Amino acid sequence: CDWSSDVCSSDLYNCTMKKIINILVLMIPLLLAGCDRSPERLQLEAATVLPQAKELPPFNLKHFELQSSELNDFSVADLKGKWSLFFFGYTHCPDVCPTELFMLSEMMRSLEQDSALKIDKPQVVFVSVDPQRDTPKSLQEYTGYYHPSFLGVTGEQNVVDSLSHSMGAMYERVYYLNGRELVVDEDEDIPEGLENSYLINHSAAIFLTNPDGDLHAILTTPHNPDVMIRDLLSIQNAW
């Protein structure tokens, strides 16, 4: 083939193109393998990694520093550069919240005791979906009972609702009238005399955000401290 000419032998040209295509076909799986972070390759036991991390809406919550007696902001900026585990509940919860916070405290203590484990300890954030009764100070006292590093945060109801819905946390207020359960929608009036007499049904999922501050994975029940540690380690190693 005369490459200086505008005309080239079609047979040699086709042969050359086939070789180029074959080389590209062989390279594509190698390139994809290097970029693949699919959950199937992580060998997770309980966590579900999102196909694509989800950006959270802007939020501004509050948490109380007991030692300094200061009320501080808590926003997406406080998620940057660290892994965070979010759990949504409330301090008057009779069962689910104490159980889950105790489990998370067991996980955290296991991480603190095993210095050989190469894992970034996550920030645990307990978000109250009941700002009507839970103040930032009472929240921090509540979470601090389980572990001193846990953060208890809350804010305006619409901000809490927006954040929880963006992650997929579900909850509803339940009142009891004449011995019967009564679920009141947001646009409905609360029965007189029952304004502060309610329970909140809520999901028990735990949500993991990555160092970019995006929702990365969901950990559904039942939760086990050791399983959670292994899943966190796999997720972090793949990050």
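1. In this predicted model, 70% of the contacts in the chain with a separation of 6 or more are between residues 24 or more positions apart.

2. The secondary structure of the chain consists of 5 helices and 11 strands. Of the 239 residues, 39% are buried. The accessible surface is about 14000 Å², and carbon and sulfur atoms contribute 52% of that area.

3. Helix α2 covers residues 96-113, which is 18 residues. From first C-alpha to last, α2 reaches 26 Å, close to the 26 Å expected at 1.5 Å a residue.

4. Which residues of α2 are buried? They are C97, E100, L101, M103, L104, S105, M107, M108 and L111. As background to such a list, residues three or four places apart in an α-helix point the same way, because there are 3.6 residues a turn. The buried residues of α2 pack against both strands and helices: β4 (84-89), β5 (123-128), β9 (199-202) and β10 (206-209), together with α3 (136-146) and α5 (225-238).

5. Two backbone features deserve a look in the model. Most residues other than glycine have a negative phi, and most peptide bonds are trans. The bond from T221 to P222 is cis, with omega near -5 degrees. P222 lies in the loop that runs between β11 (215-219) and α5.

6. S69 is not a glycine, yet its phi is positive, at about 55 degrees. This residue sits in the loop between β2 (60-65) and β3 (70-75). Is S69 buried or exposed? S69 counts as exposed because its relative accessibility is 53%, and the cut-off for exposed is over 50%.

Key. Residues are numbered from 1 along each chain as its sequence is written. This is a predicted model: local features need pLDDT of at least 70, side-chain atom pairs count only at pLDDT 80 or more; totals for chains, interfaces and linings use all residues. Side-chain values use heavy atoms; hydrogens and water are left out. Helices (H or I, at least four residues) and strands (E, at least two) are DSSP runs, numbered from the N terminus. Buried means under 20% relative accessible area, exposed over 50%, partly exposed in between (1.4 Å probe, protein chains only). Contact means heavy atoms within 4.5 Å. Accessible areas come from the Shrake-Rupley method with a 1.4 Å probe; for residues, only the protein chains shown count as cover. The expected span of a helix is 1.5 Å times one less than its number of residues.
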